Amino acid sequence: EDEEDEEDEDDDDEEEWEHKDDPKFEVLPSAYLNQILDVVWVKQKSFHPWPSLIYDPRWVDGKLNAQAMSVLGKKHLVMFYAMAPSERYGFASSAEIIEWEAGFSQKLDENGKRFKAKKYVDAFPKAIAEANADALKPKPERGEQQHLSSQRKRAEKKPAGGGQRLKKAPSRRTAPAEEEE
């Protein structure tokens, strides 16, 4: 009980992580919204299918957020696993998205050697491993590491003593292990 009281006090000092509110999301079809945080394969014209996460555009800011909000409901913001920061995000229409399990049925996980650039050949198995790890997590925890990393970078850019405090993702708490006798 004492720990719970301490946690309540901490909540006063630090806000729980949450999305920025945006009324545009309230009018989107549930089928579109339900895909956010799905682990998928994205197949685009000039690139072989790549393990990806349908990312929530409210988790990004600046130019990327503006682009994502301009295509909201038509295309999804996607995060490409294991890609360099300059290639990490893109946009995909529903026609370019393949469900994660369906991709394995289509043997998309065997396409790694089809990439011409060595950096993609090397990154492909890492991307599959990251995507598999996220696919095993409950949906609200997917992409959490990337989201928290971008939140920290934004917080570092803010002047000391000003601006909004860093909001963190809620952690999953487990019961302490029982001691053995």
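Visitor: Does His-76 count as buried or exposed, and what is its relative accessibility?

Guide: This is a predicted model, and the values discussed here are computed from it. A residue counts as buried when its relative accessible area is under 20%. His-76 has 1% relative accessibility, so His-76 counts as buried. His-76 belongs to strand S3, residues 76-80.

Visitor: Which side chain forms a polar contact with that of His-76?

Guide: The partner is Gln-35, whose side chain is joined to that of His-76 by a polar contact of 2.9 Å. Beyond its neighbours within four places in sequence, His-76 touches several residues, including Tyr-32, Ile-54, Phe-91 and Ile-97.

Visitor: What span should helix H5 have, given its 19 residues?

Guide: Counting 1.5 Å a residue, helix H5 (residues 118-136) should span 27 Å; the C-alpha atoms at its ends lie 28 Å apart, which agrees.

Visitor: Where does H5 bend?

Guide: The bend, of about 30°, is at Phe-124, and a proline, Pro-125, follows within four residues.

Visitor: Which residues of H5 are buried, and what do they pack against?

Guide: Among the buried residues of H5 are Tyr-120, Phe-124, Ile-128 and Asp-134. The buried residues of H5 pack against strand S1 (39-44), strand S2 (47-55) and helix H4 (100-105).

Visitor: How many aromatic pairs does a search of the whole structure find?

Guide: The search finds 14 aromatic pairs. In one of them, the rings of Trp-41 and Phe-124 have centres 6.3 Å apart and planes at 40°, so the pair is tilted. Trp-41 lies in strand S1 and Phe-124 in helix H5, so this pair ties together parts that are 83 residues apart in sequence. Trp-41 counts as buried at 0% relative accessibility, and Phe-124 counts as buried at 2%.

Visitor: What kind of pair do Trp-50 and Phe-115 form?

Guide: In general, a pair of aromatic rings is described by the distance of the centres and the angle of the planes. For Trp-50 and Phe-115 the centres are 5.2 Å apart and the planes are at 75°; planes over 60 degrees apart count as edge-to-face, so this pair is edge-to-face. Trp-50 is in strand S2 and Phe-115 in the loop between H4 and H5, 65 residues apart, and their pair links distant parts of the chain. Trp-50 is buried, with a relative accessible area of 0%, and Phe-115 is buried, with 6%.

Visitor: Which residues do ring pairs link into a cluster?

Guide: The cluster consists of Trp-41, Phe-47, Trp-50, Trp-100, Phe-104, Phe-115, Tyr-120 and Phe-124.

Note on methods. Residues numbered from 1 in each chain as written. Predicted model: local features only at pLDDT ≥ 70, side-chain atom pairs only at ≥ 80, totals over all residues. Heavy atoms only, no water. Helix = DSSP H or I, 4+ residues; strand = E, 2+ residues; numbered from the N terminus. Expected span 1.5 Å × (residues − 1). Bend = angle between axes of the 7 residues up to and from the residue. Buried < 20%, exposed > 50% of the residue type's maximum accessible area, 1.4 Å probe, protein only. Contact = heavy atoms within 4.5 Å. Phe/Tyr/Trp six-rings, centres within 6.5 Å; stacked < 30°, edge-to-face > 60°. Polar contact = N/O pair within 3.5 Å; in protein donor to acceptor, adjacent residues only side chain to side chain.
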